[in-house]
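Colleague: I would like to go through this structure with you, one term at a time. Please say what each word rests on.

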Amino acid sequence: STLGTVAHTSSDDNTTEIHRARATLSPALKQATPVVVDHATGSWIHGTDGRSYLDFTTGIGVTSTGHCHPRVVAAAQEQCGKIIHAQYTTVMHQPLLELTDALGEVLPDGIDSVFYANSGSEAVEASIRLARMATGRPNIVVFQGGFHGRTVAAASLTTAGTRFSAGFSPLMSGVHMAPFPYAYRYGMDTDTAVDFALRELDYLFASRVAPNDTAAMLIEPVLGDGGYLPTPPAFLAGLRERADRHGIVLIVDEVQSGVGRTGKFWGHEFCDGLVPDILITAKGIASGFPISAIAAPTELMAKAWPGSQGGTYGGNAVAAAAGVATLAVIAEENLVDNARERGDQLLAGLATLAERVPAIGDVRGQGLMAGIEFIDPDASGSVPTANAAAAAKVQQACIDQDLLTLTCGPLGNVVRLIPALVVTADEIDSGLAR
Ligand code: PLP
């Protein structure tokens, strides 16, 4: 049935009338499963169909503390009774001050100023505006397979598939793409791939994009929609070195990889000692309430003048209260350690599976971001042939076994698993069995 059409049975005369709603959901919304949620707890979604689904999607990496963690629910409920919305340019509210304090505990040294928006895309845009205002330079360098959102500017920075930007050009100008060290696809070991990608970056700077006209380099510590590819630490270190050399702002997009998901609090921490200039995060920070954060040293943040950043709902009080509770739960329940341990368990299980399934070309990830890349094992050629049909078939087979997964990758051939940070060893085993 279409969601807009509802059959009512009248209890009086037992006749059925069809109520045709005045609106239906847009065809642009392509739902991967027929599931309608009744309620959800922890790692489980309970559908109106009476089935319980093991959720390895977490609303695309959002419900970090699991669905409806009691502490998060209580914090949001309590905040609703105090104040729901107060605009931060007029009056400040307590939850945003507390969230800023809590973030101060976990942000890298020197990154001591935070601004808030509602979504990852808005945080990406804010970081680009800030980098351009701070440097007075136009160009932004992004890396192949990066995903930074769907607003027009964020889509301009996104190279994780044509579907995110085709058909609504012109996009934002001044964006230049450099290769990402995708070792598996290049048929290289990681060191060689990093060396190649850094040489290409230097070549881009030497031949086409003047580094002293470049405001920022924007990178995800683990490519998300681009196929769940961890960015090699040596590549991040190479970017830091070039950013320092040329006075370029290094922005790490931790919208998906942040807040414990990778088994460290921030994904960029896998590169020892790396301190970004701007860090943006969203998704897992408030367990499902929409809020994002842009963090930078005060001196840099001060280059954005008041009024140039933010929006009506940015830093909403209920979302901020949920964020404070989320960070407390992550600390008190040792969820970063759990993400690392359960992530190791998941990746080890997938590696065993890969040995038995020729269509699995690669298994990789970091913590609770696990990707399975499907290929055509019979195809000839020096580069793996993407097998999006196999990924879609696996996703469907998982749904049939009440396991929710997502696909991703520029070629659509990666199944990604994003369990909640509270996932248990039994739930990981159960997911692997399915
Ligand atoms: N950046 C990254 C790394 C993401 O994964 C996403 C969303 O998936 C975004 C930015 C955009 O976030 P949003 O969908 O909240 O606008």
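Modeller: Helices (H or I, at least four residues) and strands (E, at least two) are DSSP runs, numbered from the N terminus. S287 is found in the loop between strand 13 (278–281) and strand 14 (292–296). This is a predicted model, where local features need pLDDT of at least 70, side-chain atom pairs count only at pLDDT 80 or more, and totals for chains, interfaces and linings use all residues. Residues are numbered from 1 along each chain as its sequence is written.

Colleague: Why is S287 called buried?

Modeller: A residue is buried if 20 or more other C-beta atoms lie within 10 Å of its own, exposed if 12 or fewer, and partly exposed in between, with C-beta atoms placed from the backbone. S287 has 32 other C-beta atoms within 10 Å, so S287 is buried. In the protein chain, buried residues make up 49% of the 434 residues.

Colleague: What makes N334 partly exposed?

Modeller: N334 has 13 C-beta neighbours inside 10 Å, and therefore counts as partly exposed. N334 sits in the loop between helix 10 (317–332) and helix 11 (335–356).

Colleague: What is phi of S287, and what is phi of N334?

Modeller: Phi of S287 is near 60 degrees, and phi of N334 is near 50 degrees. Each value is positive in a residue other than glycine. Most residues other than glycine have a negative phi, and most peptide bonds are trans.

Colleague: Which residues does a cis peptide bond join?

Modeller: The bond joins S169 and P170, with omega about 0 degrees. P170 lies in the loop between helix 5 (152–156) and strand 8 (175–178).

Colleague: How do you know which residues are around the ligand?

Modeller: A residue is near a molecule or strand if its C-beta atom, placed from the backbone, lies within 6 Å of it. There are 15 residues around the ligand, of which S119, G120, S121, G149 and V255 come nearest. Helix 4 (residues 120–135) gives the largest share of this shell, three residues.

Colleague: How do you know that the radius of gyration of the protein chain agrees with a compact globule?

Modeller: The radius is taken over C-alpha atoms, and the globule rule is 2.2 Å times the number of residues to the power 0.38. For 434 residues a compact globule would be near 22 Å, and the protein chain has 22 Å, so the two agree. The C-alpha atoms fill a box of roughly 80 × 65 × 45 Å, taken along the principal axes.
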